Amino acid sequence: MSEQAINYVDVPHQLKSGDSVFPRVVLNDGSLQTLDECAAWIEQNKAALEAELKESGAILFRGFPLNSAETFDEFSNAFGYPNFTYKESLSNAVRINFTERVFTANEAPKHVEIFLHHEMAQTPISPSKVFFFCKTAADEGGATPICRSDLLFAELKAQQPALAQDFINKGLKYTTHMPSENDVNSGQGRSWKSTLSVESQAEAEAKLKELGYSWKWTEDGGLRATTPVLPAVVKLENGKEVFYNQLIAAFMGWKGVRENPSSAITFGDGSAIPVEGLQLATDLAKDYTFDLPWQDGDVALVDNYMSMHGRRSYSGERKREVLVALAMD
Ligand SMILES: [Fe+2]
């Protein structure tokens with residue numbers, strides 16, 4: 001690539017809306033051979049890439065010289081965003097750290113699907129950007145679906161204006177159960193000690209209080225915690241409204257929630273969210289979703305406000321390794 005060029009290419013099934021293409025795909029034509037060259041190229045093109053990211057919601061970088069957690073760390077670091085570590089986060093997923101910045105996306109077993117969500121939108125502190133790196137793709141399946149949250153909410157609003165207003169006005173509360181020990185067989189099995197970065201129940205309670213949660217200890221030594229009121233919809237600088245929450249992931253994937261949504265998700269005033277509304281959002285999301293077709297070495301930069309993401313189930317002998325780095329800017 002010449003000094004300034006960003007080599008955008010088309011791939012099948014990209015979504016087009018107005019001027020935006022979702023996701024944008026950038027192909028290295030071979031001229032960037034080292035990470036230093038990549039870092040210089042990122043620096044030169046940062047403003048253009050960021051403008052594109054805001055418009056599109058996600059950029060897939062293909063053909064860049066990455067093959068490890070360390071090279072991914074360097075590549076993502078070249079954007080210069082402040083780091084958002086797993087340790088500090090209140091993520092419910094069990095993950096493994098490779099570097100301070102880089103960790104596994106989710107240790108849930110391969111048959112488990114992770115449904116669409118904005119990263120950590122069910123907690124009071126969430127990252128603004130998510131980098132994914134495909135170290136090794138699965139034999140079969142394992143795509144990372146991404147979904148344009150602004151388009152989804154616009155359609156929801158058109159079909160169910162009263163429901164959309166309830167989401168805007170009332171916000172949401174989430175109740176999660178954190179086990180006493182990490183459970184890698186669950187998509188949200190992170191223990192309360194790890195989630196809250198504490199050692200004792202007293203420390204946990206102090207932390208929860210500070211964050212505005214209410215809570216209850218369960219007989220098995222676990223913790224049931226309810227968030228303060230969090231937004232269901234966020235209005236971005238460009239005026240777009242995004243469905244910034246974990247409703248689809250909770251409704252579709254959290255244990256027992258489909259049968260009894262109010263056990264985990266309610267409006268901010270504690271009232272029940274209509275099941276038809278949850279089903280509608282889940283169904284509409286399909287129209288605005290693109291499956292990132294991972295190839296080894298791919299990096300995706302996802303705007304956590306514009307796009308939701310998830311994980312398709314997968315199969316085969318090959319170990320799927322998709323790593324993540326979070327940023328806050
Ligand atoms: Fe996620």
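Modeller: Ser197 is found in the loop between helix H5 (192-196) and helix H6 (201-211); helices (H or I, at least four residues) and strands (E, at least two) are DSSP runs, numbered from the N terminus. The model is a predicted one, in which local features need pLDDT of at least 70 and side-chain atom pairs count only at pLDDT 80 or more, while totals for chains, interfaces and linings use all residues. Residue numbers start from 1 along each chain as its sequence is written.

Ser197 has a positive phi of about 55°, although it is not a glycine. Most residues other than glycine have a negative phi. Ser197 counts as partly exposed because it has 13 C-beta neighbours inside 10 Å. The scale behind this word is as follows: with C-beta atoms placed from the backbone, a residue is buried if 20 or more other C-beta atoms lie within 10 Å of its own, exposed if 12 or fewer, and partly exposed in between.

Met120 lies in the loop between strand E7 (114-117) and strand E8. Met120 counts as buried, because it has 20 C-beta neighbours inside 10 Å. The backbone has a further feature at Phe22 and Pro23, which are joined by a cis peptide bond with omega of about -10°. Pro23 itself is placed in the loop between strand E3 (20-22) and strand E4 (24-27).

The automatic or database domain assignment gives domain 1 (8-110 + 118-146 + 292-327) and domain 2 (150-285). Taken over C-alpha atoms, the centres of domain 1 and domain 2 are separated by 24 Å. Across the boundary, 19 residues of domain 1 are in contact with 26 residues of domain 2, where contact requires C-beta atoms, placed from the backbone, to lie within 7 Å. The side of domain 1 that touches domain 2 has nine nonpolar, seven polar and three charged residues. In these classes Ala, Val, Leu, Ile, Met, Phe, Trp, Tyr, Cys and Pro count as nonpolar, Asp, Glu, Lys and Arg as charged, and the others, Gly among them, as polar.

The next element is an open sheet of four strands, in the order E12-E13-E11-E16 and with antiparallel pairing. Strand E12 (214-217) and strand E16 (265-267) stand at its edges with a single partner strand each, so one side of each has no neighbour in the sheet. Two strands are said to pair if DSSP finds at least two bridges between them. E12 and strand E13 (residues 223-226) pair in the antiparallel sense over four bridges, and Arg224 in E13 is the bridge partner of Lys216.

Five of the five residues of strand E18 (299-303) are buried, so E18 is largely enclosed by the rest of the structure. Val299, Leu301 and Asp303 lie on one side of E18 and Ala300 and Val302 on the other, and both faces are covered. Strand E5 (residues 58-62) pairs with E18 in the antiparallel sense over four bridges, with Ala58 opposite Val302. E8 is joined to E18 by five bridges, and these strands run antiparallel; here Lys129 has Asp303 as its bridge partner.

E8 pairs with E21 as well, in the antiparallel sense over seven bridges, and Thr136 stands opposite Glu321. Three bridges join E6 to E21, again antiparallel, and Thr104 has Leu323 as its bridge partner in E21. Six of the seven residues of E21 are buried, so E21 is largely enclosed by the rest of the structure.

Helix H2 (residues 69-77) has buried residues Ala69, Phe72, Asp73, Phe75 and Ser76. These pack against helix H1 (35-56), strand E6 (102-104), strand E8 (129-136), E18 and strand E21 (321-327).

Met328 lies in the segment after E21 and is partly exposed, with 15 other C-beta atoms within 10 Å. Met328 and Pro127 are 201 residues apart in sequence, yet 4.9 Å apart in space, C-alpha to C-alpha.

Terms used. Contact = placed C-beta atoms within 7 Å.
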